Amino acid sequence: MTTYADLYVLLDLRNRDLFESSLKVMSMVRSSIGVWGPNVVGIILGSSSGASASCPRPETLEVFASAQEAVERGAAWVIFGDHPDLAGTRTDLAGAALAQICGDKWPIPSHVFLPVSDAGREIAAIAARILNAGMIADAEELIWRNNIVARCPAWGGEVMAEISVIPGRRPAFVTMRPSGPLPERYPGRFDATFPELPRGRHHFHHKTLSSLQSPAGLRLISCCPVPEERRRLSDSPRVVAGGAGLGSADGFHKLRELAAALSAELGATRPAVAQHWADEERLIGQTGVSTRPELAVVVGASGAVQFTAGLADARFLVAVNRDPEAPIFRQADLGVVADAKEFVPAFTASVKKALMRQLADLICAAPGAGAAAGLGPRVRELREAHGWSREDLAQATGQSPEFIEQVEAGEVTPSVAFLLRLARALGVDPSAFLTEE
Ligand SMILES: Cc1cc2nc3c(=O)[nH]c(=O)nc-3n(C[C@H](O)[C@H](O)[C@H](O)COP(=O)(O)OP(=O)(O)OC[C@H]3O[C@@H](n4cnc5c(N)ncnc54)[C@H](O)[C@@H]3O)c2cc1C
């Protein structure tokens, strides 16, 4: 009977979304190998002994509970690579740790899979470099042909390349785009009671790692959180993104107005950033931010795969392009063939008009009924969130503190002009007053 080398999947515990992406990759690996039978093993990197000296310890999912879930969703077992330096977020040390787990002694896995993410790509490349091993980037599908063959988009997504690593040269590192549902969970499979049993007989292997050397001789100077702008873009429920087709800084500025009217975060393609129409933090795509908005409006972008990679999880994508053959339309839920110069100002005006209509409806609604009931508390909530007193807000809007008090108590119906002044003073979009939550 042929015995096969194990397949490893790195489980990313930085947050629930990334962990689920890892579990989906694990499921894709398991379904591709069918009946030929190698073990699919989960790898967790972390520290059981507190923070490293150099980096603040970020919040992560709990190791043992995550290992249990991975096994209950199909991992043969989980190896926990433990070192104090893995408490931070350094991908160079995580790459060194993965290389140590995969390469220091038999059995060496045949392939190591990592979900595509900012960290996944770096860790795979660093581990592959340390072990002088092969690497396959951005696989979307796996096929078994006496060896694992990865299907990856190439030449801007125009063709699918089939890539494999020479058999025997192992391990190979593969970054994979997660897709499909979460694998089914079968509670009760997990047994970690006898960790001294030989591998394969229990489900949780604790491996204390020896010293981790940064492969490129990198030295950590300081740690800082992801810039606020970047985080807002990646978490925003609405994104408006523009590309080279906007033609100029002025064209891009018009898109900024549309984004403000829709209460959306602004994103950009590489050429728009290169032209300095938008900051680098606004770049969406493979080398930029990954977003997952409910609504994405993309104007004047061709739809290169490196850009759309950052919009793969958008719920509803509206694309505007003057070229009816533009690749972005293949991915769009709604396509508009139009010139951005005409479309953007017209669309912004329509959005603003609709907003004003909503405001007017709100103001005309009977006091105490529906959305109007939420207006006073909403004004108060926004004022308090800004740390302002009623006097501060009165001064900023040219009203008396008593008037502000009456608005907050729902005793007066303010004019549209007042609400617009209020929105400007609080630095929010007027639609902020329409939200009851
Ligand atoms: C390794 C690598 C990584 C990369 N990473 C990224 C990344 O993270 N993010 C990224 O964005 N790019 C990235 N790129 C670049 C990417 O391949 C594309 O070149 C880029 O996304 C194209 O940007 P664009 O759509 O704005 O420009 P173009 O491809 O030039 O498209 C412009 C579009 O605008 C349309 N248009 C022109 N005029 C108008 C008008 N008046 N009205 C309406 N439509 C109009 C055109 O029909 C065209 O479809 C990467 C490339 C490489 C090689």
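The model is predicted: local features require pLDDT of at least 70, side-chain atom pairs count only at pLDDT 80 or more, and totals for chains, interfaces and linings use all residues. Residues are numbered from 1 along each chain as its sequence is written, and side-chain values use heavy atoms, with hydrogens and water left out.

The structure holds five aromatic pairs. Rings of Phe, Tyr and Trp (its six-membered ring) pair if their centres lie within 6.5 Å; planes under 30 degrees apart are stacked, over 60 edge-to-face, and the rest tilted. Helices (H or I, at least four residues) and strands (E, at least two) are DSSP runs, numbered from the N terminus. Phenylalanine 80 is buried, at 4% relative accessible area. Phenylalanine 204 is also buried, at 11%. Phenylalanine 403 and phenylalanine 418 form an edge-to-face pair, 5.2 Å centre to centre with 90° between the planes. This pair also links distant parts of the chain, 15 residues apart. Phenylalanine 403 sits in helix H13 (residues 401–408), phenylalanine 418 in helix H14 (residues 416–426). One aromatic cluster is formed by Phe64, Phe80 and Phe204.

Phe418 is also a partner of threonine 397. Threonine 397 lies in helix H12 (residues 390–397). Its relative accessible area is 3%, so threonine 397 counts as buried. The side chain of threonine 397 reaches the backbone oxygen of leucine 393 at 2.8 Å. With residues up to four places away in sequence left out, threonine 397 touches Ile404, Phe418, Arg421, Leu422 and Ala425. Contact here means heavy atoms within 4.5 Å.

Glutamate 69 is placed in helix H2 (residues 63–72). At 6% relative accessibility, glutamate 69 is buried. Its side chain makes a polar contact with the side chain of arginine 16, at 2.8 Å. A polar contact is a pair of N or O atoms within 3.5 Å; within protein, one must be able to donate a hydrogen and the other to accept it, and residues adjacent in sequence count only if both atoms are side-chain atoms. Arg16 is one of the residues touched by glutamate 69, along with Phe19, Leu23 and Arg185, not counting residues up to four places away in sequence.

Threonine 348 is found in helix H10. It is buried, at 5% relative accessibility. Threonine 348 and leucine 255 lie 93 residues apart in sequence, yet 8.4 Å apart in space, C-alpha to C-alpha. Leaving aside neighbours within four places in sequence, threonine 348 contacts Lys254, Glu257, Leu258 and Ala261.

Helix H10 (340–364) also contributes to the ligand shell. Helix H7 (270–274), helix H8 (305–308) and helix H10 each supply at least two shell residues. Of the 25 residues around the ligand, Ala244, Thr269, Thr287, Ser302 and Asn321 come nearest (a residue is near if one of its heavy atoms lies within 4 Å). The shell has nine nonpolar, eleven polar and five charged residues. Ala, Val, Leu, Ile, Met, Phe, Trp, Tyr, Cys and Pro count as nonpolar, Asp, Glu, Lys and Arg as charged, and the others, Gly among them, as polar. A polar side-chain atom of threonine 287 lies 2.7 Å from a ligand oxygen atom. A ligand oxygen atom is 2.9 Å from a polar backbone atom of arginine 270. A backbone N or O atom of isoleucine 284 lies 2.9 Å from a ligand nitrogen atom. Taken alone, the ligand exposes 990 Å², and the protein buries 72% of that. Accessible areas come from the Shrake-Rupley method with a 1.4 Å probe; for residues, only the protein chains shown count as cover.

The protein chain has 14 helices and 15 strands. Of its 437 residues, 46% are buried. Among contacts with a separation of 6 or more, 67% involve residues 24 or more positions apart. The accessible surface of the protein chain comes to about 21900 Å², with 52% belonging to carbon and sulfur atoms.

Notes. Buried means under 20% relative accessible area, exposed over 50%, partly exposed in between (1.4 Å probe, protein chains only).
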